[in-house]
Amino acid sequence: MKTPRASRLAAAITICLTGALSLTACGSGFASSSPESSGAGSGPITVLIAASGDAEATSVKDAVAEWSKTSGTEASVNVASDLAQQLSQGFASGKPADVFYLSPDQLSGYASNGSLEPYADSLSNKDDFQPSLTKAFTYDGKFYCAPKDSSTLSLVINNDLWQAAGLTDADVPTTWDELEATAKKLTSGNTVGLSFSPEVARVAAFFPQAGGSLLSADGKKATVNSAENVKALTFVKKMLTDGSAKFSSDLGAGWGGEAFGKQLSAMTIEGNWISGALSKDFPSIKYRTVELPAGPKGKGTLQFTNCWGIAADSKNKPAAKALVEQLTGTQTQMTFAKAFGVMPSVVSAESEFKKAFPEQEASIAGVEYAQTLPSQPGAADVLKDFNAKLATLQASDPKAILDAIQTEMTATLSK
Amino acid sequence: MRGNGTRRTGSRGNQTATTGWLFTAPVLIILGVFLVLPVVMAAWVSVSDWTGRGSPFAVGTQFVGAKNFEAIVSGGGLAERDFGTALRNNLYYVVLVVPLQTMVSLFLAVMVNGRMLKGRGFFRTAFYFPSVTSTVAITVLWLFLFNATGAVNKFLSLLGVTGPNWFQEPTGVFHLLAQAVGIGSPPPAMESGTLLGVSWWDWLSGPSAAMSAFILMAIFTTSGTFMLLFIAALQNLQGELEEAAMLDGASSWQRFWYVTLPMLRPTLFTVITLGLIGTWQIFDQIYTGTQGGPAKTTITPAYLSFSTAFNNQQWGQGAAIAFILFAIIIVFTVIQRVLLRERDSVPRRKRMNPKPSRGRAL
């Protein structure tokens, strides 16, 4: 051959080594700056957010710009494409964003390695936050970061399909049996009665309705495979099997809201954010939201939230704190609520919110009895595995799924 | 390069050596900073308890030995099962993609290399096109095509086949086949025995529908690239041997199998090596397409390494997965090297010397 084999081989091996090694290089952030920081001081503030859409990004930018004008501190907002990855990179390099969105399941990881500043206890409005939210962002007895808003799950109903099926206001389901019956009535042709995403963040809303929960009240013990949860999951499976309910993924939709908007389902279980998504993508859909039907042990739903985290490595913590105080203030939160449909995280805004958004009554009512998903270190991974198992719920034994997750959750909590 | 120069004499030699070092310095520095240092760092992270804040070399990061590796390969927990699942998924991907893409690209190369073919340039460009398109764009395209109500299922329904909900169907194709012949549930022995936390029954599941879609996509996108390598090799071949074979009365299939293919062996080696590396490192399709779903049937070691480190803050375990993946790639490459070796080959040392080997036709 014209090309010597050896060199071609060498080239191949070099490519192989380079490829493999450069992959391994991905695992390390590259930084030499020291993690200690001055804490106090001046300097510009950077804000990193993960926006649900343009509306959210714009209103956060406006709010920050306004604060910047009055305080005289320069501040800029970046919208992350992959928040978790960008945060991790920032912490590893010692130059994180000063203020950022943080979800409860990430709190323990970043708090335990010292990346987060536990500032929320010293906020002037700290007693104004809803207690369940304060609890969600408390780690090791410290209230780490201020909840930025709140959402709860409720039942979303398509008015036109509802009327077409001959249903009236009196038929709004308030029990599991009624839910099943109405779902059956609404199922016809290409439309199923009820649809929701195959994930624990929807399905687990049924657990408190049966009297169950994922963790014990003190959050120290896993109670995933309790008899109540088995009952709840068996009910969900029954609805899926008899065809009155379907996972949104089985309908070819990315989430419950999409299936609902495309009229593939007449009802869905979603949070407040669906109002923003529907008005943007499916403005012609007429719908109403009601509280989730009660199970044998009463009402139950799930609450979701994010918080404003401040980095321990921030160069200007006092300013960052002042910014958060402003962003979680009653007025700013009402502005956000109007712009992208979230509920305020502070009690003082509740009555105003109810007045401004009477149609969101169900979500507000849910705050009273809502549960949050576990956020202990490692729990996010277990929940991910739970999601994976829920995808095959129709073909599996509910008890077996819950048993497997119970084992994993117990192992995680005892770490 | 510097060997002969330095040994001659005195200052002149030294100067040559210095010049040599000076010229190679940029490359050495770039390789050092962007390759060696990160690898050393990753190696350190894989045996440390670094938590992701500040430099891994800073005070306070402790050496924990093989703890991270143990958690992945024998921890008995979720980390081990995830790694086992990722290996299973990727193994099916590699085993199906590498031979298929090699065969398809060779077939395409032979076709467009044919002298009879009209419009060769057009076909070459058409086949090569997917290779120059970004993976992300093609992944998005694939998500549309393989949607539950997408073009692929529409086409299948014309043939009277009900297509699966591709990117949401977690059941493995071998399991589906087993169901079709009446084996709905696993034999008890295969249920209880496990390797890396995954039962034998699940090891034998085959790729899920979602993974199968990715397998088709890999073949679609990479065949063009490798076709190019094969075309280059085919054009390098002299026509005499083939003519001689023709005169000997060899059929066209015999000419291909006994004459052309053996001469393509070095290219075959390159293509398979590159294929093995590329398929074991599959990441971007998963990251943009499915994020590991449905039911974890598309998580791969590379994606798992990323999500373990960046999303779960388990940096040590993430780095450990990357190193195990590195070892797997090396092992697979060595295995195929052994399999593809010429059986009557000249010992390695002699082959480096051009004289004896020049005489042999490959």
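In the predicted model described here, B:Gln313 is found in the loop of chain B between α16 and α17 (315–340), where helices (H or I, at least four residues) and strands (E, at least two) are DSSP runs numbered from the N terminus. Although B:Gln313 is not a glycine, its phi is positive, at about 60°, and the residue counts as buried at 12% relative accessibility, buried meaning under 20% relative accessible area, exposed over 50% and partly exposed in between (1.4 Å probe, protein chains only). Most residues other than glycine have a negative phi. A positive value, near 65°, is likewise found for the phi of B:Lys296, which lies in the loop between α15 (284–289) and α16 (301–311) of chain B and counts as buried with a relative accessibility of 13%.

Because the model is predicted, local features need pLDDT of at least 70 and side-chain atom pairs count only at pLDDT 80 or more, whereas totals for chains, interfaces and linings use all residues. Residues are numbered from 1 along each chain as its sequence is written, chains are lettered from A and ligands numbered from 1 in the order in which they are written, and side-chain values use heavy atoms, with hydrogens and water left out.

The secondary structure of chain A comprises 18 helices and 15 strands. For its 415 residues, a compact globule would have a radius of gyration near 22 Å, with which the 24 Å of chain A agrees; the radius is taken over C-alpha atoms, and the globule rule is 2.2 Å times the number of residues to the power 0.38. The C-alpha trace of chain A spans about 75 × 70 × 45 Å along its principal axes, and 55% of the 415 residues count as buried. Among contacts (heavy atoms within 4.5 Å) in chain A with a separation of 6 or more, 74% are made by residues 24 or more positions apart.

One open sheet of chain A is formed by five strands in the order β2-β1-β3-β14-β6, with mixed pairing, two strands being taken to pair if DSSP finds at least two bridges between them. Strands β2 and β6 (146–147) of chain A stand at the edges with a single partner strand each, so that one side of each is left without a neighbour in the sheet. Strand β1 (residues 45–49) of chain A pairs with strand β2 (residues 75–79) of chain A in the parallel sense over five bridges, and A:Ala75 in β2(A) is the bridge partner of A:Ile45. From β1(A) the chain passes through helix α2 (residues 54–71) of chain A to β2(A) in a right-handed β-α-β crossover; right-handed here means that, with the strands pointing away from the viewer, the path from the first strand over the helix to the second runs clockwise. Strand β1(A) is also joined by two bridges to strand β3 (residues 99–102) of chain A, again in the parallel sense, and A:Val47 has A:Val99 in β3(A) as its bridge partner.

Two helices lie across this sheet. Helix α2(A) lies across β1, β2, β3 and β14 (307–310) of chain A and runs at about 165° to β2(A), while helix α13 (residues 317–327) of chain A lies across β1, β3, β6 and β14 of chain A and runs at about 175° to β14(A). Axes are lines fitted to C-alpha atoms, for helices over the stretch in contact, and angles run from 0 to 180 degrees between N-to-C directions.

Two bridges join β7(A) in the antiparallel sense to strand β13 (residues 301–304) of chain A, where A:Phe304 stands opposite A:Ser151. A:Ser151 is also one of the residues in contact with A:Asn272, as are A:Thr152, A:Gly341, A:Met343, A:Gln360 and A:Ser363, when neighbours within four places in sequence are left aside. A:Asn272 is found in the loop between β11 (265–270) and α12 (273–281) of chain A and is buried, with a relative accessible area of 3%.

Strand β9 (residues 192–196) of chain A is mostly covered, five of its five residues being buried. Three bridges join β9(A) to β11(A) in the parallel sense, with A:Thr268 in β11(A) as the bridge partner of A:Ser195.
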